[in-house]
Amino acid sequence: MQKKTPKRKQIAKILKKHNTWIGILFFLLIAFLAFAIWSGLVSAFVYYIAESKVMGEYKVISYMAELYEKTGSDESFEDLPDMETRDYIVTDRNGNVLYQRGEDTRGEVNAYLEFLGGSEPVKATADQSTNFFYTDEEGEMDINFSLFIPWFLSDELNSFVKKENGNSNFYFPLWLEKDIRNGSEVFYGKAYAEVRLNDAFFLLLFATVLFVLVLVVLVLILVNIITTAISQKRMVNVFFLDVVTKGHNWMWFLIRGEQILLRRKYSRNRYAVLDMVFVKYRNFCVCHSVEEGEKMLCTVNDRVSGMLANDEIISHYASANFAVLLHYSDENQLKERIGKIIQELEGMDGIHRIAFQVGVVTLGSAVETGRRGRRQLVDLEREYNNACAARATLSETDESGIAFFNEQLVSEQKWIDTVQECQNSALKNEEFEVYYQPKYDPRNEKLKGAEALIRWNSPEHGLRPPSEFIPIFEKNGFIVHIDDYMLFHVARDQKNWLDRGLDCVPVSVNVSRAHFIERNLADHIRDLVDKVGTPHDLLEIELTESAFFDDKKTMLETITKLREYGFHVSMDDFGSGYSSLNSLKDMPLDVLKLDAGFFSGDLDDERGEIVVSEAIKLAKSLNMETVAEGVEAKEQVDFLARQGCDMIQGYYFAKPMPKDEYEKRMTGSDLKTPSSDDSADGNSVSESI
Ligand code: C2E
Ligand code: MG
Ligand code: MG
């Protein structure tokens, strides 16, 4: 199982950090705040100037109101300064104008007057909200703020500003009010607030400079957002572009896929992870060219992309594998949909018939998994691996097909996880045991050697055969530790037996092909055995036949060195593959182990007998010893004895057994001849797996 790479987490983090939408939101917030601060400041400034300008006028109007109240007429106003610009009215509490420009309008209900100096006749009311300035309860003059901002922002400002007699000051006409006659009447006096051009200019300059500053800051932020967006796009290309298909790569699939799956918190959407493979892609490349092959992969990517919805994705994983995330309503619909995709792809190349196999893992919806409303953390790498495992079940055929990840695969995957979790502790706690399977000379039935075979004696999982964990270790690389472990334990056992004066025979140890890629393997084995002090000729290194297809040069060097150091080297499972003969030609080996497959069929198989006898002859002429594996019947033993086979390793003589039992076999104290031994029928106490 792959772990989430830190690199991937880093990239996701970077992208999150550079999210354009967050930047835009941030920008809007800053813009709003900046303009609010700007208009607040400018408003406060205007307010301050206006108030200071109006104070003097207010005093005059107050004085007029007092005079009017005392005299009951406006005659005494004539003496006041600027009287020609001062209009005034008196209203009752209901807004009826009682007195206007020297005329008594009492009794004329709904009289109109030219209010606020505008051209529109306004009905006089006592509603203070229509006035810009008014007096509060204490008789202090105040500004009606509710009118202020709209007034300030509106174009009407201009209509209030008038230029007087070429004088470069501005005049704002204002109606100032004062309660008279114990509040039963209101005196409105028209005043002009004078604003000097300097003040206005300063205000304008202040507002403009502030505005420009705000604008510059906003533009800088905007530029930053745009450059971030551009660099993010570039980054996306660098990190997420698949060089072959020009579509997205695996990293993108993981990050984007996780986002999509996280979002299904509340949705009933079901999702499925697919591993889609172009079957025989390599053959296609060989027949045409790699370039043509890659073009096909591009087309696959484009065609499938075109068939996907918004929340569905495809990425090129590696070689001819694509990872796809689809949503679906039910499994039949999903099958049908995948079928259609395969059909589309099969017809992609008009000339050749190409096939696609798909492994599917269904994730269900948030509701189904019982995690509605909660974050749906899905390990996409794991799910994709499962999809691959499902797809691998189709790999025996070259036909298109769909395979769903099922319960058996689930338990297999669980077992793989368990083994991987336990591997280190099992090695440390020496839970792996060496079993020995004796090899006998078929002519005199004497012990001539043994093969060391591993068993995992787990306190939790019981005694497990190698088939249940060796393939896992071969895949994840842990096998090199196992090989060392076995070599060390066998060397130690041999040394022990030797020191105790027992008659030791060579014991063969399986060394995995993964280990053979190491250039200094021969030296490594020699050092390991020398630490224990076991004579080299008591150890034999077994290589499986398939290992001979790897790096031939390295293998030849290793075998030659091992033999120089005095170890025996054997080819395991000879005959189970295809090119063994070729390997025999090149590799100087000591022992040839005939695969158990030769002896598993019909005992009277004449053709099989010919092959076996010829293989033995061939080995002899190459100066190699022969060992027949998997021999279970007496007739086979007799036949092999006649053919001159040197050793037999099979249930007929003995199953693999623990060290103690093997020791007895060595000393001869438990040398049961097959005729008296019940092990051949599989009932041996020593070995049941
Ligand atoms: P192999 O090296 O070819 O070992 C021979 C296998 O055939 C053993 O299976 C043995 O128990 C089985 N066998 C021997 N005689 C008979 C017979 O008469 N009838 C039947 N039915 N089986 C017979 P085992 O122990 O399960 O090991 C399976 C394979 O696991 C080995 O095949 C070897 O490839 C691998 N393996 C076992 N131990 C180790 C190890 O320590 N290191 C490595 N790298 N691989 C190991
Ligand atoms: Mg072997
Ligand atoms: Mg074998």
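**A pair of magnesium ions and a pair of helices**

The magnesium ion (ligand 3) and the magnesium ion (ligand 2) are 3.9 Å apart, and both are coordinated by aspartate 572. Aspartate 572 belongs to strand S21 (residues 568-574) and glutamate 629 to strand S23 (residues 625-629), so this pair ties together parts of the chain that are 57 residues apart in sequence. The model described here is predicted.

Two packed helices are described by the angle between their axes and the distance between the axes. Helix H8 covers residues 290-306 and helix H9 covers residues 331-346. Their axes come within 10 Å and cross at roughly 140°. Angles over 145 degrees would count as roughly antiparallel and 65 to 115 as roughly perpendicular, so H8 is oblique to H9. The crossing in which H8 passes H9 is right-handed.

What residues make the contact? From H8 come Val300, Arg303 and Val304, and from H9 come Ile341, Glu344 and Leu345. By type, the residues of this contact divide into 4 nonpolar and 2 charged, with no polar ones. Arg and Glu count as charged, whereas Val, Ile and Leu count as nonpolar.

Conventions: Residues numbered from 1 in each chain as written. Chains lettered and ligands numbered in written order. Predicted model: local features only at pLDDT ≥ 70, side-chain atom pairs only at ≥ 80, totals over all residues. Heavy atoms only, no water. Axes fitted to C-alpha atoms, helices over the stretch in contact; angles between N-to-C directions. Helix = DSSP H or I, 4+ residues; strand = E, 2+ residues; numbered from the N terminus. Parallel < 35°, antiparallel > 145°, perpendicular 65-115°, else oblique. Left-handed = near helix turned anticlockwise from the far one by under 90°. Contact = heavy atoms within 4.5 Å. Donors = N, O, S within 2.8 Å, 3.2 Å for Na, K, Ca; no water.
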